[in-house]
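This report is for a reader meeting the structure for the first time. Please look over the sequence and the model before reading on.

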Amino acid sequence: MRFAVPQFIDVEDKLFGPLTLRQAIYLAGGLGAAFVSFSWFGFIFGTLIGLPLALLAFALAFVKINNRPFSFMVYAAVFYTIRNKLYLWKRVAPTRLEGGSAPTAIQKNSSALVTPQLTQSRLKELAWS
């Protein structure tokens with residue numbers, strides 16, 4: 001038996017001419033926000049507010065980074081700045097000994113770390129194995 005396997009399932013449907021529904025909503029929202037800013041604030045302030053909104057709407061509708069929509073990048077950037085960050089490494093200021101200048105943390109850790117001694121015969125044995 002042969003079954004028809006759907007092709008191009010990740011391509012969105014074109015609903016408004018060459019635009020998908022998502023692109024049409026982004027463009028309509030951006031152009032609407034730009035129109036409202038022009039009508040409320042006049043030409044100069046409307047341009048300062050409306051032009052970035054229209055550019056953001058254009059980027060959300062058409063720009064893709066690594067074949068992913070720009071809206072995913074905006075989502076990731078916003079949640080990265082909002083969420084708590086986990087810092088695993090915190091530097092502790094070294095404390096000095098009375099007689100010497102070596103930190104105590106290094107001395108404690110150096111006794112715990114044992115480096116194996118590699119002799120010439122052991123090195124030759126490892127090379128041949």
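## Model and confidence

This is a predicted model, in which local features need pLDDT of at least 70 and side-chain atom pairs count only at pLDDT 80 or more, while totals for chains, interfaces and linings use all residues. Residues are numbered from 1 along each chain as its sequence is written, and side-chain values use heavy atoms, with hydrogens and water left out.

The pLDDT is the predictor's confidence in each residue, from 0 to 100. The protein chain averages 82, and 83% of the residues score at least 70. Confidence is highest in α2, at 94, and lowest in helix α3 (residues 104–112), at a mean of 55. Helices (H or I, at least four residues) and strands (E, at least two) are DSSP runs, numbered from the N terminus.

## Helix α1

Buried residues of α1 include L27, A34, G46 and L60. Buried means under 20% relative accessible area, exposed over 50%, and partly exposed in between (1.4 Å probe, protein chains only). The cover over the buried residues of α1 includes β1 (14–16), β2 (19–20) and α2 (70–82).

## S71 in helix α2

S71 belongs to helix α2 and is buried, at 14% relative accessibility. Apart from neighbours within four places in sequence, S71 is in contact (heavy atoms within 4.5 Å) with R22, Y26 and L60.

## Aromatic rings

The whole structure holds 4 aromatic pairs. Rings of Phe, Tyr and Trp (its six-membered ring) pair if their centres lie within 6.5 Å; planes under 30 degrees apart count as stacked, over 60 as edge-to-face and the rest as tilted. The rings of F38 and F43 are stacked, because their centres are 6.3 Å apart and their planes at 25°. F38 is partly exposed at 36%, and F43 is exposed at 65%.

The rings of F58 and F62 have centres 5.0 Å apart and planes at 50°, so this pair is tilted. Both residues lie in α1, 4 residues apart, about one turn of the helix. F58 is partly exposed at 46%, as is F62 at 37%.
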